[in-house]
2 protein chains.
Amino acid sequence: MNVLEVRLGELSYPIYIGSELLGDSAVLTPHVGTGGALIVTNETVAPLYLQRVKHSLKDIRHDVVILPDGEAHKTTTTLELIYDALIAGRFSRDVTIIALGGGVIGDMAGFAAATYQRGVRYIQIPTTLLALVDSSVGGKTAVNHRLGKNMIGAFHQPACVIADTSALQTLPDRELRCGIAETIKYGLIRDPEFFAWMETNLGGLLARDEDLLAQAINRACQNKAEVVAVDEREQGERALLNFGHTFGHAIETGLGHGEWLHGEAVAAGMCMAADLSVRLGRLRQDQIGRITRLISAAGLPLRAPRSIPPERMLELMALDKKVLAGQVRLILLDDIGSATITADFDADALRDTLSACREVA
Amino acid sequence: MNVLEVRLGELSYPIYIGSELLGDSAVLTPHVGTGGALIVTNETVAPLYLQRVKHSLKDIRHDVVILPDGEAHKTTTTLELIYDALIAGRFSRDVTIIALGGGVIGDMAGFAAATYQRGVRYIQIPTTLLALVDSSVGGKTAVNHRLGKNMIGAFHQPACVIADTSALQTLPDRELRCGIAETIKYGLIRDPEFFAWMETNLGGLLARDEDLLAQAINRACQNKAEVVAVDEREQGERALLNFGHTFGHAIETGLGHGEWLHGEAVAAGMCMAADLSVRLGRLRQDQIGRITRLISAAGLPLRAPRSIPPERMLELMALDKKVLAGQVRLILLDDIGSATITADFDADALRDTLSACREVA
């Protein structure tokens with residue numbers, strides 16, 4: 001087991017990374033408070049892992065709430081099911097919420113923890129690669145609004161993250177690829193060596209070599225922890241972690257949440273941001289070649305779906321949370337491993353990107 | 001105009017107290033950010049004060065959302081109307097939410113500010129005495145769950161509080177008395193001189209002498225600011241501000257939110273907590289006499305409604321946010337001006353209080 005630390009002063013917490021951690025009582029129980037626990041999971045994950053987590057809680061009083069699976073359910077309506085379970089179980093401010101699942105479960109359980117009785121403790125046990133390398137670390141919690149992704153949320157740091165690499169053996173291929181999209185992101189924005197490592201090892205990752213997966217998760221979490229430590233509230237560098245996400249969120253909202261998976265939308269979004277970076281003379285043509293080759297080899301989409309016209313994409317992008325003073329801000333690449341956030345780009349170039357990076361009919 | 005400061009390091013903010021501040025552009029506009037404003041108010045307050053606030057915003061872009069009035073609407077359903085207005089107006093992270101109204105508006109607009117795009121700026125412009133002396137200061141935001149009051153919320157400090165004493169001239173008598181209940185609370189838990197001052201000046205306050213009201217608001221806000229400065233997140237002393245509230249919230253939830261006003265429920269709750277304090281030998285009989293005389297003179301209830309049986313009160317009190325490790329914690333008085341939070345009390349004495357402090361048929 002490897003332990004990384006997210007350094008945030010009083011809010012610091014460990015990320016435990018290793019095999020078969022999910023049922024390890026010695027890892028989990030020291031982080032559960034005195035007021036019992038509510039496990040929040042979904043109908044896909046529960047049959048696979050719920051019993052192991054329940055068992056590892058031993059004699060700690062706990063309830064379970066099982067939510068429907070998928071991004072389409074990341075709503076305030078589903079959130080109410082968590083609140084209802086907390087109140088029905090008479091849990092108080094000393095409860096610990098345990099998020100067992102992918103990014104949707106982590107985001108929703110985390111937001112419930114941020115807001116139940118004005119804030120309670122929670123633990124992330126991610127079961128998808130996307131959650132392992134990205135969403136479970138850093139304290140971003142949220143639900144979607146029908147008009148925009150993650151519009152309602154809070155920053156609320158977990159008490160710990162338990163990253164069990166064994167959980168990836170049961171993950172559907174499509175979700176594995178989504179996690180790889182977010183992993184590639186770290187290489188693109190700040191870690192060129194990791195990008196090169198991904199180029200070399202993509203085959204092994206797709207074949208679920210557990211040692212390679214553990215290496216990728218370690219490196220990704222290390223990157224995430226470094227960024228969050230210097231900018232918890234996304235006043236600066238943390239915004240770079242949203243590389244590809246302004247395009248990606250527009251795709252997700254435009255199609256209806258859940259049509260494309262988050263990682264798929266982000267993959268296409270990263271290609272679009274790279275395309276725009278080339279048009280603006282920031283990125284070299286051969287670099288975009290490396291990027292699209294890796295994303296394509298991972299079986300991820302390179303373009304936005306045909307069904308969302310460029311004008312609609314623009315409209316949806318204007319709802320992005322990075323908009324300031326009415327200006328859309330985008331994260332652009334200057335190199336593989338170097339990114340900038342800027343509102344200073346040519347609107348025509350963006351239109352060209354939106355037209356060019358659209359699936360052919 | 002008097003200016004108090006709530007000292008919370010980077011989160012510090014001023015409370016402006018004075019007459020005719022509500023339309024004062026020079027007070028309001030320096031606290032509005034670059035991304036425009038959304039005024040959140042209700043259908044009672046809007047006809048009285050909305051135009052003045054709109055006018056004071058001058059050329060700052062702003063939208064308005066007018067909510068139904070009353071505690072019964074302090075729900076996640078009403079909250080959605082604020083989110084919808086924010087998204088429909090295409091407001092970004094740099095928006096400023098302006099809460100114009102009483103405690104319900106302040107709590108809901110504040111919670112929307114805490115959670116829209118993971119947190120935006122907001123300003124409190126309280127228009128009821130209760131909001132002026134209590135809820136607008138200190139950053140507690142919340143909505144009710146049908147099973148419990150303020151169950152869903154966050155700590156989120158405002159950018160400033162604009163306390164316009166003139167607004168009290170339009171306040172219904174019943175609401176004025178509710179504010180007096182929370183004002184008396186400060187005297188009881190930590191400021192015996194203020195309690196004595198209230199005994200002397202209650203008549204003038206009920207007659208809406210603006211100078212006396214301003215003095216009461218200043219003293220109450222000073223007390224609140226001191227407590228919040230040492231304990232923002234209610235780990236210690238701040239819990240004392242909930243004196244009377246465990247009983248009061250049980251009354252509000254038991255009757256259905258909005259039947260009794262919050263200040264009325266708190267007034268009865270304070271009498272019940274004092275009664276229990278006497279039964280437990282903490283408080284002298286003659287002191288409870290002073291307390292009930294003042295609360296009664298303010299035209300506030302001294303007992304819980306007949307319709308909620310003691311067993312139901314106990315059940316509802318067990319949902320209180322101060323419950324820890326399954327134990328109800330209550331704030332008890334040792335003297336006028338001195339309070340303690342404790343889970344160490346005789347359960348039979350509590351039952352006796354609940355039976356004795358119930359309206360006669």
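User: In which sense do strands S10 and S11 of chain B pair?

Analyst: This is a predicted model, so to speak with conditions attached: local features need pLDDT of at least 70, side-chain atom pairs count only at pLDDT 80 or more, and totals for chains, interfaces and linings use all residues. Residues are numbered from 1 along each chain as its sequence is written, while chains are lettered from A and ligands numbered from 1 in the order in which they are written. Strands (E, at least two residues) and helices (H or I, at least four) are DSSP runs numbered from the N terminus, and two strands pair if DSSP finds at least two bridges between them. S10 (residues 330–335) and S11 (residues 338–342) of chain B are joined by five bridges, and the sense is antiparallel.

User: Which residue in the hairpin of S10(B) and S11(B) takes a positive phi?

Analyst: Start from the bridge of Asp335(B), whose partner in S11(B) is Ser338(B). The hairpin has two residues between its strands, and the one with a positive phi, near 105 degrees, is Gly337(B).

User: Which strands sit at the edges of the open sheet in chain B?

Analyst: The sheet has seven strands in the order S1-S2-S9-S6-S5-S3-S4 (chain B), with mixed pairing. Each edge strand pairs on one side only, and the two in question are S1 (2–6) and S4 (62–67) of chain B.

User: How many bridges join S3(B) to S4(B)?

Analyst: Take one facing pair as a handle: Asn42(B) stands opposite Leu67(B) in S4(B). S3 (residues 37–42) of chain B runs parallel to S4(B), and the number of bridges is six.

User: What angle does helix H8 of chain B make with S1(B)?

Analyst: Directions here come from lines fitted to C-alpha atoms (for helices over the stretch in contact), with angles from 0 to 180 degrees between N-to-C directions. A contact means that two C-beta atoms, placed from the backbone, lie within 7 Å. H8 (residues 210–230) of chain B packs on the sheet and touches S1, S2 (13–18) and S9 (160–164) of chain B; relative to S1(B), its direction is at about 15 degrees.

User: Over in chain A, why is one side of S1 and of S4 left without a neighbour in the sheet?

Analyst: The open sheet has seven strands with mixed pairing, ordered S1-S2-S9-S6-S5-S3-S4 (chain A). S1 (2–6) and S4 (62–67) of chain A stand at its edges, so one side of each lacks a neighbour, because each has a single partner strand.

User: Which residue stands opposite Gln124(A)?

Analyst: S6 (residues 121–126) and S9 (residues 160–164) of chain A pair in the parallel sense over two bridges. The residue in S9(A) that stands opposite Gln124(A) is Val161(A).

User: Are H6(A) and H7(A) roughly parallel or antiparallel?

Analyst: The axes of H6 (residues 173–190) of chain A and H7(A) come within 7 Å and cross at roughly 155 degrees. Angles under 35 degrees count as roughly parallel, over 145 as roughly antiparallel, 65 to 115 as roughly perpendicular and the rest as oblique. That makes H6(A), relative to H7(A), roughly antiparallel.

User: How many charged residues are in the contact of H6(A) with H7(A)?

Analyst: Ile180(A) and Tyr186(A) are among the H6(A) residues there, and they meet a set in H7(A) including Phe194(A) and Met198(A). Ala, Val, Leu, Ile, Met, Phe, Trp, Tyr, Cys and Pro count as nonpolar, Asp, Glu, Lys and Arg as charged, and the others, Gly among them, as polar. The contact has nine nonpolar and two polar residues, and the charged count is none.

User: How far apart are the axes of H7(A) and H8(A)?

Analyst: Phe194(A), Asn201(A), Gly204(A) and Leu205(A) in H7(A) meet Leu212(A), Leu213(A), Ala216(A) and Arg219(A) in H8(A). By class, that contact has five nonpolar, two polar and one charged residues. H7 (residues 192–206) and H8 (residues 210–230) of chain A pack at about 150 degrees, and the distance between their axes is 10 Å.

User: Which element gives the largest share of the side of chain B that touches chain A?

Analyst: The contact takes 31 residues from each of chain B and chain A. On the chain B side, the elements giving two or more residues are H3 (76–88), H4 (103–115), S7 (140–145) and S8 (148–155) of chain B. The largest share, six residues, comes from S8(B).

User: What kind of axis relates the two copies?

Analyst: Superposed by least squares on C-alpha atoms of residues with pLDDT of at least 70 in both, chain B can be laid on chain A with an RMSD of 0.0 Å by a turn of 180 degrees and a shift of 0.0 Å along the axis. The copies are thus related as by an axis of this kind: a two-fold rotation axis.
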